[in-house]
Amino acid sequence: MPAEWKIKELEEIKNIISSHKVFGIVGIRGIPAYQMQRMRESLRGKAIIKVSKNTLLRIALSNGTEKLANYIVGESAIIASNLNPVELYKLIESARTKAPAKGGEIASEDIVVKKGETNFKPGPIVGELQKAGIPASIREGKVVIEKDVVLVKKGEVISPQIAQVLGKLDIKPIEIGLKINALMENGIIYPPDILAVDFNKLIGEIQTSFARAINLAIEICYPAKDALEQIIMKAYNSAYNVALERNIYSKETIEAFINRAYLHAKALENKIGG
């Protein structure tokens with residue numbers, strides 16, 4: 001028979017899932033206990049994080065949520081909220097912070113040391129930088145990095161020696177925070193690449209596409225609702241211009257003909273000196 005604490009914890013996880021519109025799996029690897037506590041406090045009233053054994057998390061996912069178990073990788077937790085998936089994703093991403101490397105971590109992106117002056121005074125630090133692969137020298141009494149250098153490539157392990165040098169340069173390459181593996185709403189799973197939407201860019205693209213569609217509808221005289229008024233105006237202007245060109249008299253063109261006749265008369269008057 002399962003231990004009583006496991007039964008209670010399983011029930012708690014199921015209640016969290018069933019009482020929220022959106023829930024999902026987050027990676028918690030490398031997050032110190034104090035930082036996890038701070039995250040919980042910052043999310044209070046907006047989201048709940050429940051850390052448990054992966055086995056219990058998988059068992060708790062049932063009644064149509066089983067596919068979410070595929071996203072339980074490594075140290076994981078359940079997150080649940082009544083925010084929509086994109087809002088929850090942005091909230092979690094905004095809470096991520098940078099931290100110094102200790103050594104042994106895997107670089108999530110290229111770690112680049114930029115060229116330029118440093119705050120170091122000439123001394124043993126020059127040799128330390130050079131030993132780490134950073135082209136350093138002394139100029140006018142200052143330690144200078146001669147050029148940009150990729151010290152650690154994405155996916156490589158950060159050695160303790162490199163971590164020490166990065167710390168001295170005040171470069172914090174380690175991102176600490178929850179990593180959303182997937183969120184679910186109404187039975188639909190949303191992976192991070194879908195949730196990481198640039199809405200300003202998306203809205204701009206939609207507006208551009210809409211404007212192009214309206215212009216096309218006007219050009220080919222397709223009677224779309226949003227283009228109909230401009231199509232009618234275009235047709236009216238075309239008919240008006242044809243009427244003027246062909247000397248067709250109507251209540252819309254008569255004023256233009258009178259103005260034209262008046263201008264011709266004035267021109268003739270000026271020509272004959274009247």
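1. Throughout this note, buried means under 20% relative accessible area, exposed means over 50%, and partly exposed lies in between (1.4 Å probe, protein chains only). The model is a predicted one, in which local features need pLDDT of at least 70 and side-chain atom pairs count only at pLDDT 80 or more, while totals for chains, interfaces and linings use all residues. Residues are numbered from 1 along each chain as its sequence is written, and side-chain values use heavy atoms, with hydrogens and water left out.

2. A search of the whole structure finds eight salt bridges, each defined as a side-chain nitrogen of Lys or Arg within 4 Å of a carboxyl oxygen of Asp or Glu. One of them joins K114 and D148 at 3.9 Å, N to O. This pair links distant parts of the chain, with K114 in the loop between β5 (111-113) and β6 (116-117) and D148 in the loop between β8 (142-145) and β9 (149-152), 34 residues apart; strands are DSSP runs of E, at least two residues long, and helices are runs of H or I of at least four, numbered from the N terminus. K114 is exposed at 56% relative accessible area, whereas D148 is partly exposed at 39%.

3. A salt bridge also connects E175 and R96, at 3.1 Å from N to O. Because E175 lies in strand β10 (residues 174-176) and R96 in the loop between α4 (85-94) and β4 (97-99), the pair ties together parts that are 79 residues apart in sequence. R96 is buried, at 19%, while E175 is partly exposed, at 40%.

4. F210 has its place in helix α8 (residues 199-219) and is partly exposed, with a relative accessible area of 47%.
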